[in-house]
Amino acid sequence: MARKADKPKLVDLVLSGGGVKFIGLVGAIVALMDAGYSIKRVSGVSAGSVVAAILAAASVGDQLTGEEVKELAFSVPLHKWRDSGPVPYLGAAWGLVRETSMYRGDAAYDWIRSELKNLGVIYFGDVVDVDRLVVGPRYKLVVTVADLTAAQLVRLPWDYPRLYGLDPDEQPVADAVRASMAIPFFYRPVKLTGASGTTSTLVDGGVLSNFPIDTFDRADGKPPLWPTFGITVLPRPNEGLGAVMPALKPLRFFEQTALLESLLTTMLAGHDQTHLSKPWVSARSIAVESTNVGVLDFDSPRGRLEELYDNGYAAAEHFLSTWDWPAYLDRFR
């Protein structure tokens, strides 16, 4: 049951990647909402960017309650998001060989674009922070991607003018989210053509930073006006890519695939582990214990997803039971 607060407590959120494990992020977010927190700005990478975009859109006018956020998350047609080619059983493998990706990503893109439009959001200009309580970029949403052409981490919409000469207000939010979801070899990369005519290849931001918790940290040395909480779903011990991405199993006999498995497992999980070992990161992070729901386990029944959601909710409640904002500022700021 939601607990009402006399005055909403502002918070910025940074959401990690994790594929289908995003349900754990949602559980933690709803617990924060039930505890009286109002989300001011939100940043996400990969699957976290999907959640971040919905939250940012919903926060424009306070359109969704915590319960509605939960039901929207469980309404995602995950079974359609694994949109490989038409060849039974071999569709994903054929896509990987022919087009360098197992899945097209069109179904996910269409769902994201439709849901954002339902919330009144198409362009980044629709998620502008009208209160302007902080100095800096004026958007409620930040989507992290990796630009393979420029060989750098990109934060959209902030970097549209600097790298691409584009007006951030006119760029579709769904396009940025789709780029952040483009896990190499699994979803097709996204092409972005800048004002100069140069085309960049964009992929999952988790390639460079799967948990960019410093996104909203102030650069002027002054203390923040409200906290930033990071939320991540911890990988299970020895959780290899073969377990979380079953579509690779037909290719397991290739030595290159074994290397790919190790590479992507480290990419998706290693950065979180390194980051969370730092006290100034762990002190403001909600680490959700994972379940046996895999990153691309799109056929998971609702019962298994509910378990992961409950883990997220419980992790946030536990975090808040010891959270002390003044003590955090005194120690780290």
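Tutor: Start with helix α1 (residues 22–34) and helix α3 (residues 66–74), whose axes come within 9 Å and cross at roughly 170°. Axes here are lines fitted to C-alpha atoms, for helices over the stretch in contact, with angles from 0 to 180 degrees between N-to-C directions. This is a predicted model: local features need pLDDT of at least 70, side-chain atom pairs count only at pLDDT 80 or more, and totals for chains, interfaces and linings use all residues. Residues are numbered from 1 along each chain as its sequence is written, and side-chain values use heavy atoms, with hydrogens and water left out.

Student: Which way do α1 and α3 run relative to each other, parallel or antiparallel?

Tutor: Roughly antiparallel, therefore. That label covers angles over 145 degrees.

Student: Which residues of α1 and α3 meet?

Tutor: From α1, F22, I23, V26, V30 and M33; from α3, G66, V69, K70, A73 and F74. Contact means heavy atoms within 4.5 Å. The residues of this contact divide into eight nonpolar, one polar and one charged. Nonpolar covers Ala, Val, Leu, Ile, Met, Phe, Trp, Tyr, Cys and Pro; charged is Asp, Glu, Lys and Arg; the others, Gly among them, are polar.

Student: New topic: the core. Which residues touch the most other members of the largest nonpolar core?

Tutor: L13, L15, F22, W81, L141 and I231, out of 85 residues. The largest share of this core, 10 residues, comes from helix α2 (residues 47–59). Such a core is a set of buried Ala, Val, Leu, Ile, Met, Phe, Trp, Tyr and Cys residues joined through side-chain atoms within 4.5 Å.

Student: What is W81 in contact with?

Tutor: Leaving aside neighbours within four places in sequence, W81 contacts V50, V76, A107, A108, W111, M181, Y187 and F298.

Student: Why is α8 called largely enclosed?

Tutor: Because seven of the eight residues of α8 (residues 173–180) are buried. They are V173, A174, A176, V177, R178, A179 and S180.

Student: And the whole chain? How many helices and strands?

Tutor: 13 helices and eight strands. Those are DSSP runs numbered from the N terminus: helices are H or I, at least four residues, and strands are E, at least two. Buried residues make up 54% of the 333 residues.

Key: Buried means under 20% relative accessible area, exposed over 50%, partly exposed in between (1.4 Å probe, protein chains only). Angles under 35 degrees count as roughly parallel, over 145 as roughly antiparallel, 65 to 115 as roughly perpendicular and the rest as oblique.
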